[in-house]
Amino acid sequence: MAGFEFEARLRMELREAAEREQRRGLLGRFVAASRSLLPAIGHSALPAAAVTATIAAAIAVAAIFMLSGTEKRSVAPPKVVAEFSVADSLGETVAAYGSVWMNDTSRAEVLRVDADSRRVTARLPVRGEVFMTSGAGSLWVLQKGSLGGAGYHGPLLRIDPRTAEVTARIPLRTPAGHRFAGDEVLSARDAVWVGGLDGALRIDPRTNSVTGAIAPRGDYVSADFALWRRGLWALTADGRLLRFDTRTGAKLSEARLALPQATRPLVTAGDAVVTTVPGGLARIDPYSGRVLWSRRLGQELGTWLTEADGLLWTRSSGRVHDRLHALDPDTGRVLTSLALRDFSGAGIAAIDDELWLSTVGGRVVVFRR
């Protein structure tokens with residue numbers, strides 16, 4: 001009876017450990033964890049052969065639980081369900097609050113397109129090209145502005161997605177009053193961040209005001225930011241990964257990236273942090289800078305990455321056709337890939353069970369996953 005109770009307890013502990021590691025899918029870690037139980041097992045009353053058999057059986061059971069949740073099989077390529085034009089030229093494209101929002105660069109407008117009817121339901125004038133994200137119940141639109149030069153000079157627009165009206169215009173200035181040029185906007189639960197060449201501004205959505213800035217001395221950040229595990233991460237031009245406290249702006253860690261050819265952007269997909277490399281993608285461990293996987297996809301990789309169904313979707317250009325790829329962010333495995341009929345992609349947006357691909361020429365192709 002004691003032996004049965006011990007075996008049942010061991011199986012339960014191993015199963016719980018497997019479930020904790022399910023998203024990572026690393027059986028080796030689980031095996032290492034099981035070895036840590038050996039000292040305690042050694043003091044039990046079970047014979048050594050019974051202990052070995054019990055561990056082997058429990059590991060096999062746990063492996064089934066682990067692999068069933070992490071080993072993604074190849075998926076069927078998505079099917080085209082609609083094609084249409086909404087502008088002479090398009091830029092940034094995001095899905096938020098039941099609509100797809102697109103930057104009509106030919107008319108300097110942001111378009112709200114209904115996901116069901118495919119019709120433009122609102123037009124908002126903006127200053128030049130934009131970068132967009134959603135969060136805190138709003139659409140945030142970072143404008144190029146009228147000052148000229150590199151970066152987006154703002155102001156940052158806060159849009160009510162129901163009415164498509166501007167509810168706040170936030171100047172891009174540091175707490176000290178200096179002008180700031182951004183390159184991207186990120187949203188967390190309690191803050192909106194505008195990242196740029198000189199660091200990042202923290203904006204409180206409760207007050208629509210800048211409440212902090214990250215401007216690391218001697219660290220040329222190069223506009224590659226990501227929010228991950230309650231930290232603000234930055235990829236510098238000289239290949240370092242910096243982690244900042246999102247409340248205080250203090251630098252918490254720094255690691256040299258073991259990937260000298262990394263380019264922009266720095267994105268997150270599930271529990272993975274991914275960056276682009278020439279012609280492909282690479283997953284990195286931001287704490288150590290170690291490369292976890294690297295995958296070549298084409299001659300040139302667009303910076304339009306989106307997560308849907310737990311997969312990472314991206315577009316690459318080739319000699320004959322552009323291609324759409326879906327990757328497992330945990331392993332880098334390409335799960336599906338298909339040739340596209342158009343060129344010069346502008347963006348990818350995932351909404352419900354569809355992927356919307358926009359082009360610089362103003363075309364939109366909708367795929368159903």
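Student: How many salt bridges are there?
Tutor: The count comes to 20 salt bridges. Keep in mind that this is a predicted model.

Student: Which residue does R202 pair with?
Tutor: R202 forms a salt bridge with D190. Their closest N and O atoms are 3.8 Å apart. The pair links distant parts of the chain, 12 residues apart. R202 sits in strand β12, residues 199-204. D190 is in the loop between β10 and β11.

Student: Is R202 buried or exposed?
Tutor: R202 is buried, because its relative accessible area is 13% and the cut-off for buried is under 20%.

Student: And what about D190?
Tutor: D190 is partly exposed, with a relative accessible area of 44%.

Student: Where do D309 and R369 sit in the chain?
Tutor: D309 is in the loop between β22 (300-308) and β23 (311-317). R369 is in the segment after β28 (363-368). They are 60 residues apart, and their side chains meet in a salt bridge, 2.6 Å from N to O.

Student: Why does D309 count as exposed?
Tutor: D309 has 56% relative accessibility, so it counts as exposed, the cut-off being over 50%.

Student: What about R315 and D322, buried or exposed?
Tutor: Both R315 and D322 are buried. They form a salt bridge too, with the closest N and O atoms 3.1 Å apart.

Student: Which residues are linked in a network of salt bridges?
Tutor: D104, R107, E109 and R123 are linked that way.

Student: New topic. What volume does the largest pocket have?
Tutor: About 1,400 Å³.

Student: Which residues are closest to its centre?
Tutor: E92, V94, F131, M132 and L305 are the closest, out of 44 residues that line the largest pocket.

Student: Which strands supply at least two residues each of that lining?
Tutor: β2 (90-96), β6 (130-135), β10, β14 (224-228), β18 (263-269), β22 and β26 (345-351).

Student: How many of the lining residues are nonpolar, polar or charged?
Tutor: The lining of the largest pocket has 25 nonpolar, 13 polar and 6 charged residues.

Student: Last one. Where is A176?
Tutor: A176 lies in the loop between β9 (165-170) and β10 (182-187). A176 is exposed, with a relative accessible area of 63%.

Student: How far apart are A176 and G212?
Tutor: In sequence, A176 and G212 are 36 residues apart. In space, they are 9.6 Å apart, C-alpha to C-alpha.

Note on methods: Residues numbered from 1 in each chain as written. Predicted model: local features only at pLDDT ≥ 70, side-chain atom pairs only at ≥ 80, totals over all residues. Heavy atoms only, no water. Helix = DSSP H or I, 4+ residues; strand = E, 2+ residues; numbered from the N terminus. Buried < 20%, exposed > 50% of the residue type's maximum accessible area, 1.4 Å probe, protein only. Salt bridge = Lys/Arg side-chain N within 4 Å of Asp/Glu carboxyl O. 1 Å grid on protein atoms, 1.4 Å probe; cavity = no way out; pocket = protein on both sides within 12 Å on 5 of 7 lines; lining within 4 Å. Points joined across faces, edges and corners; volume = space filled by probe spheres on them. Nonpolar A, V, L, I, M, F, W, Y, C, P; charged D, E, K, R; others polar.
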